[in-house]
Amino acid sequence: MASRVLSQEIEPGFHLLRVDDVDVEYFEGIWSIPEKVTYNAYLLVGDGGAVLFDGWKGIYADDLIEVIRGIVDLKDITHVIVHHAEPDHSGSLSKVLEANGFRAEVVAHPMAKPMIEAFYRIAPRFRLVKDGEELALAGEKIKIIYTPWLHWPETIMSYLPDRRALITCDAFGGYSTPRAIFDDDEGVVKEYLPSVRKYVANIIGFYRQHITRNIEKIQSLNLSIGILAPAHGLIWRRNPQLIIDYYRSLAEGRPDGNKILIISGSMYRLLEKAAAIAADEVERLGGRAIFYRFNDSSQPPFSEILSDAMDSRAIIIAATTYEAGVYPPLEHLVDLISRKIPQKPVLVIGSYGWGPAAARKISEKLASAGFKIIDKIEFQGSASEEDIRRIREGVKMLLESS
Ligand code: FEO
């Protein structure tokens, strides 16, 4: 499949440069994303030159240069603002600077400089900026806002007051290649938001406290935001507040209705039957069960499970003991949940052949991360009638506590 390149002047002198990366299978080499992703750069063309905001992944550098060439001479770029050094945005930088004859200054946070130098073994001229600094580039005012940990510690945003435009890099972005560039159509927004949730869970979930902190910081600046322009996904101009509020709700772990996430890992499905009973009980008590099973014919993607964990009301984890520990896929998943997902109540179910371990280890891991363990039910082999009674009781307590 070929990537799709999209260039559009979204306001006079202000261009979106978007590539739909339809070749990617695993974002960051980890997260399965069949829905793919976009990289959005922006180009400001004004008096005295042009400013490029971010870029694309390295494999698309030549495409980016070609798109820019259709708008301005590469040599007219006076500054490249690198909001965030991660290579999905900075990977094209060295080729762009080469095409520019290294005339442009790289505008970035001081922490970005050693990263850019080390990633690409280049030594461009830097203009290192600090929080609140106001620049005048290409005939326009640009205010720098330092927004650490969205998604790395060097991340900045640019605010263009004359356009009421906030360029946010990773923050307020999402996976997928939306069929529009703006949020104008409610249908487009509705189909896009699950990809935002998945992106936040996978990529920024670990830094979720910084989402809230930085949103509060942006709000305290009383910026008038007419255009919110992220580096992934839709641009927001009809309702920028919608994506700000959605990010905040995800960071705070606000549940989507009565959604209860159930994850089962069972080599021979003895335990899976117990997990299925828990799922039935969730539905019987008015919850909405989302059930992921790891077994001999199913290995669901971690990226999707984390996404559903993000806004679930509570979680049920059923795992067998394996080599005196936790069944490996679930051990990894529990580790990811403990780091990336807001704390919520958990019911743990375990089974074993000759010695118990999984339920205790999962409970300890999640409890130490601040999750509330409602009960830990563990049995040998398949669930007895007494075990099933305890599972039903555990589900009831879980729903009551969440
Ligand atoms: Fe889209 Fe953290 O890079």
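Is Val 196 buried or exposed? This predicted model is shown below in several close-up views.

**View 1. Val 196 sits in helix 5.** Val 196 has 0% relative accessibility, so it counts as buried. The cut-off for buried is under 20% relative accessible area. Along the chain, Val 196 and Gly 325 are 129 residues apart. Their C-alpha atoms are separated by 34 Å.

**View 2. Helix 5 covers residues 186-204.** Of its 19 residues, 14 are buried, so helix 5 is largely enclosed by the rest of the structure. At 1.5 Å a residue, helix 5 should span 27 Å.

**View 3. Asp 185 makes a contact at the start of helix 5.** A side-chain oxygen of Asp 185 is involved. This oxygen reaches to within 2.6 Å of the backbone nitrogen of Gly 187.

**View 4. Helix 5 has a kink at Tyr 192.** The kink is about 30 degrees.

**View 5. Helix 8 crosses helix 12.** Two packed helices are described by the angle between their axes and the distance between the axes. Helix 8 spans residues 270-284, and helix 12 spans residues 385-401. Their axes come within 9 Å and cross at roughly 45 degrees. Helix 8 is therefore oblique to helix 12. The crossing is right-handed.

Definitions and conventions:
Residues numbered from 1 in each chain as written. Predicted model: local features only at pLDDT ≥ 70, side-chain atom pairs only at ≥ 80, totals over all residues. Heavy atoms only, no water. Helix = DSSP H or I, 4+ residues; strand = E, 2+ residues; numbered from the N terminus. Expected span 1.5 Å × (residues − 1). Bend = angle between axes of the 7 residues up to and from the residue. Buried < 20%, exposed > 50% of the residue type's maximum accessible area, 1.4 Å probe, protein only. Polar contact = N/O pair within 3.5 Å; in protein donor to acceptor, adjacent residues only side chain to side chain. Axes fitted to C-alpha atoms, helices over the stretch in contact; angles between N-to-C directions. Parallel < 35°, antiparallel > 145°, perpendicular 65-115°, else oblique. Left-handed = near helix turned anticlockwise from the far one by under 90°.
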